[in-house]
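I opened my notebook to go through this structure one piece at a time. Here is what I looked up.

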Amino acid sequence: MYSDDRSTLPTTTAPPPVDDAARLSAAADFVREQDTCVLLARVLPGLDGPELRALTDRCRFAHAALLVFPPDDPSLRARLADCGLACEDAAQPSVVVRDRLAARHQRDPKDLDVRILRPEVSGPNGERRAVEVFALTLPPGSGAERIAERERGQDHEAHLAFEVVRPDPLVLRGLLASFARHGAAPDGGGYNPHENGTVFYFTAPEGTKTVYRRVELYACGDHRDVLDEHLTGGRDAAEGPAESLLRLLTGAWTTQALAACAELRLPEVLGRRPGAGTAELARELAAHPEGLATLLRYLTMLGVVAVEGGGFRLTAMGTLLDEGTPASMRALALMYGGPFYRSFGHLAHTVRTGQPGFEHLYGENHFDHFAGSPELAALFDRSMAASAAMFVPLPDHPVLTAAAAAPGRDRTVVDIAGGTGELLDRVLSRHPGLCGVLLERPQVLAAARARLAAGPSGARCDFRAGDFADVPPSGDVYLLSRVLHDWDDERCRDILRYCADAMPPDADLLIVERLLPADGSPSLATAWDLHMMCNTGGRERTADHYARLLADCGLWLVGHTPLPLGAHTLHARRAQRADVRKVSPGEFVPFGR
């Protein structure tokens with residue numbers, strides 16, 4: 001099993017055929033022939049001995065993947081059958097590949113229908129394997145033929161995949177460290193809520209002996225904490241305490257490097273000129289060549305850009321800093337490297353006094369500060385939209401699906417402090433039978449109207465200026481997204497009482513927030529808890545904490561489900577209680593997120 005006889009594995013690095021049928025056949029033949037141990041040694045040059053045996057025990061070759069472009073589902077299945085890859089299972093949505101395609105081609109993810117099929121094939125010893133087929137449907141005349149042309153030529157999504165056996169955080173971190181130690185570079189990944197699986201992508205190291213330039217580790221379950229480490233570089237397990245502390249202390253440099261990358265618009269230039277070298281980029285950016293070279297070297301280490309030939313290209317992560325990319329995070333980089341970066345310099349003051357560092361620095365809370373600067377307010381609203389990836393699964397929540405399917409009158413979804421309407425737009429686009437109400441501050445509604453007017457949702461949305469005291473009655477589903485973490489417990493109770501007072505007895509409330517783990521395990525919510533304390537005076541909370549707040553306001557927590565980026569949807573309904581204190585008319589709670 002662990003012999004070094006690797007002659008069964010092709011060593012050619014010639015590009016794969018561009019015809020979809022030929023590519024499918026080649027992938028199927030490849031999957032049928034491979035031995036896991038031999039393949040790992042070919043993928044990771046230098047891997048042998050005990051470490052090779054350990055990796056072979058912990059993961060198994062599962063599939064080879066490729067992206068094809070059928071005009072419709074029947075055509076795809078007919079093509080698969082012609083290649084001996086019949087598959088009866090229903091195709092599942094591919095969130096990860098869809099978002100990568102959208103970023104590369106600057107499309108809205110909602111416009112790309114990417115599905116996964118996994119027709120099974122057998123390995124040399126009867127192992128159950130698959131060819132993972134990503135299918136981007138391109139109906140005739142769709143205008144997206146150029147995407148297919150470019151993707152077939154580059155084969156960005158073609159990869160080998162190894163499935164982790166009995167994954168846990170310790171095993172996953174060990175496997176990721178082994179791949180990195182042998183030259184595989186992190187190249188994205190994601191959590192697919194439709195399958196409850198986490199993928200970790202790598203660029204294959206120099207000298208890899210297969211035609212596949214990307215490698216995937218697949219772990220069943222939600223491992224987004226480990227994924228965050230993978231996407232941000234993590235920490236080498238071999239580091240000592242001093243090295244580890246130094247790496248942590250330089251975190252501020254990372255924030256500023258990313259903010260500088262965004263401010264200089266380096267991603268936009270690299271998007272137009274992939275493979276450009278330092279000198280060319282310096283001319284385009286009007287930047288100092290040596291200074292830019294230093295920044296590029298650091299961004300390469302972070303995985304934001306990658307070396308390609310004599311120049312650079314954006315990685316999937318780097319593309320998110322391009323303002324033209326759907327779900328761009330450029331505004332977030334400028335906020336975290338700008339106003340919030342400066343306020344974090346006063347964290348010690350916050351810990352000593354309880355006063356937010358932002359308020360101490362600027363002399364007012366951050367909502368009032370942003371309201372006084374239209375440019376800063378617009379940047380803040382765009383930064384909030386930058387985390388829209390967490391909303392992707394939410395329109396399929398059973399509460400919204402049931403409301404859309406209910407007979408009789410059209411049901412209404414009320415989005416309270418819904419910003420520029422990113423979430424409400426997704427819900428209304430997913431469910432054409434629903435109507436919407438967006439309640440926001442007057443200065444935000446103009447941007448929200450413009451945003452929703454560009455699509456079909458605008459005609460079914462009512463825009464209302466107001467604050468929490470103005471929550472409209474008679475809604476069927478109420479949304480409260482990323483609001484409660486801005487406030488202390490007492491103000492949260494006031495907000496929730498306004499909601500409870502407005503909600504009909506059979507209405508539902510969906511709350512989107514990050515949840516602190518009850519067991520203290522690593523989480524994005526822990527970092528955001530510190531951020532909220534320093535900048536808004538708010539906090540993140542556990543599910544039990546939210547359940548207590550809801551109960552105090554005549555609401556009960558039905559349950560909660562995970563969302564991307566460490567968020568959760570909490571589902572609440574009105575409790576049948578008559579002894580809950582209502583908010584009196586004089587108790588004004590201003591808007592904010």
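**Entry 1: a helix and its start**

I began at the start of helix 7, where a side-chain oxygen of Asp168 comes to within 3.0 Å of the backbone nitrogen of Leu170. I kept in mind that this is a predicted model.

Next I checked the length of helix 7. It has 13 residues, 169-181. At 1.5 Å a residue these should span 18 Å, and the end C-alpha atoms are 18 Å apart, which agrees.

Then I asked which residues of helix 7 are buried. I found Val171, Leu172, Leu175, Leu176, Ser178 and Phe179. Looking down the axis of helix 7, I saw that its buried residues fall within an arc of 160°, so they line one face of the helix.

What covers the buried residues of helix 7? The cover includes helix 2 (36-43), helix 3 (49-58) and helix 8 (224-231). It also includes strand 6 (159-164), strand 8 (197-203) and strand 9 (214-220).

Last, I looked past the end of helix 7. Gly183 follows the helix, and its phi is positive, near 95°.

**Entry 2: a cysteine in strand 9**

I picked Cys220, which lies in strand 9. Is Cys220 buried or partly exposed? Its relative accessible area is 46%. Buried would need under 20%, and exposed over 50%, so Cys220 counts as partly exposed.

I then listed contacts of Cys220, leaving aside neighbours within four places in sequence. They are Pro167, Asn196 and Gly197. I also compared Cys220 with Asn192: the two are 28 residues apart in sequence and 9.9 Å apart in space, C-alpha to C-alpha.

I looked at one pair in detail. Strand 13 (residues 435-440) and strand 14 run parallel, joined by 5 bridges. Gly436 has Cys461 of strand 14 as its bridge partner.

Definitions and conventions: Residues numbered from 1 in each chain as written. Predicted model: local features only at pLDDT ≥ 70, side-chain atom pairs only at ≥ 80, totals over all residues. Heavy atoms only, no water. Helix = DSSP H or I, 4+ residues; strand = E, 2+ residues; numbered from the N terminus. Expected span 1.5 Å × (residues − 1). Buried < 20%, exposed > 50% of the residue type's maximum accessible area, 1.4 Å probe, protein only. Arc of directions from axis to C-beta. Contact = heavy atoms within 4.5 Å. Polar contact = N/O pair within 3.5 Å; in protein donor to acceptor, adjacent residues only side chain to side chain. Pairing = 2+ DSSP bridges.
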